[in-house]
Amino acid sequence: MPASCPGCEQAHALARLLADDEVDAALQAGLMAWAPCASGCNAPADADAITRAQGRLRTAWAARERYRQRATRLERRAAEREARRVTLQPAGPATPVRPALPAAAAAILERARAKAAERTKP
């Protein structure tokens with residue numbers, strides 16, 4: 001029986017782990033560093049499964065990195081927007097706030113409203 005190469009043994013082990021859905025264990029066993037044997041002695045099914053898993057992981061990792069970059073960008077924009085809002089907002093009122101009506105006028109208006117309310121009662 002011919003001696004199998006270490007690359008082929010690793011491919012079989014990785015394929016078994018992937019078939020058992022043990023992705024973490026496959027990663028620890030060198031999934032992302034694995035490359036097909038130069039002599040082509042790997043089982044095609046094993047090599048195909050490993051290559052597909054590597055592609056899915058690279059795609060997922062790239063998406064996660066894009067998501068993190070987007071979140072960072074959104075946080076930065078929100079901070080810039082808040083900083084602009086704070087700087088555009090006056091520190092305090094430039095003139096003292098006055099009531100809409102003087103106290104005497106407000107009292108007269110209130111009496112007029114009360115009289116009108118009495119007249120409309122049945």
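Predicted model: local features only at pLDDT ≥ 70, side-chain atom pairs only at ≥ 80, totals over all residues.
The side chains of R76 and E80 come together in a salt bridge, with 3.4 Å from N to O.

**Overall layout**

- Reading from the N terminus, the elements of the protein chain follow the order α-α-α-α.
- The protein chain has 122 residues, and 14% of them count as buried.
- Among contacts in the protein chain with a separation of 6 or more, 53% are between residues 24 or more positions apart.

- R76 and E80 sit 4 residues apart in helix α3, so about one helical turn separates them.
- R76 has a relative accessible area of 43%, so this arginine counts as partly exposed.
- E80, its partner in the salt bridge, is also partly exposed, at 36%.

**The D48–R52 salt bridge**

- A second salt bridge joins the side chains of D48 and R52, at 2.4 Å from N to O.
- Both residues belong to helix α3, where they are 4 residues apart, or about one turn of the helix.
- D48 is partly exposed because its relative accessibility is 40%, which lies between the 20% and 50% cut-offs.
- R52 is partly exposed as well, with a relative accessible area of 47%.

**The R85–E82 salt bridge**

- The side chains of R85 and E82 also meet in a salt bridge, and here the N to O value is 2.5 Å.
- These two residues are 3 residues apart in helix α3, which means that about one helical turn lies between them.
- R85 is partly exposed at 42% relative accessible area, and E82 is partly exposed at 37%.

**A positive patch on the surface**

- Five arginines, R70, R73, R77, R81 and R84, gather on the surface in a patch of positive charge.
- One of them, R73, is found in helix α3, which covers residues 44–88.

**A backbone detail at D21**

- D21 has a positive phi, near 60°, although this residue is not a glycine.
- Look for D21 in the loop between α1 (6–19) and α2 (23–28).
- With a relative accessible area of 61%, D21 is exposed.

Definitions and conventions. Residues numbered from 1 in each chain as written. Heavy atoms only, no water. Buried < 20%, exposed > 50% of the residue type's maximum accessible area, 1.4 Å probe, protein only. Contact = heavy atoms within 4.5 Å. Patch = residues over 30% accessible without salt bridge, like charges linked within 9 Å, V, L, I, M, F, W, Y side chains within 5 Å. Areas by Shrake-Rupley, 256 points an atom, 1.4 Å probe, with all protein chains shown as cover. Salt bridge = Lys/Arg side-chain N within 4 Å of Asp/Glu carboxyl O. Lys, Arg positive; Asp, Glu negative; His and termini not counted. Charge placed at Lys NZ, Arg CZ, Asp CG, Glu CD.
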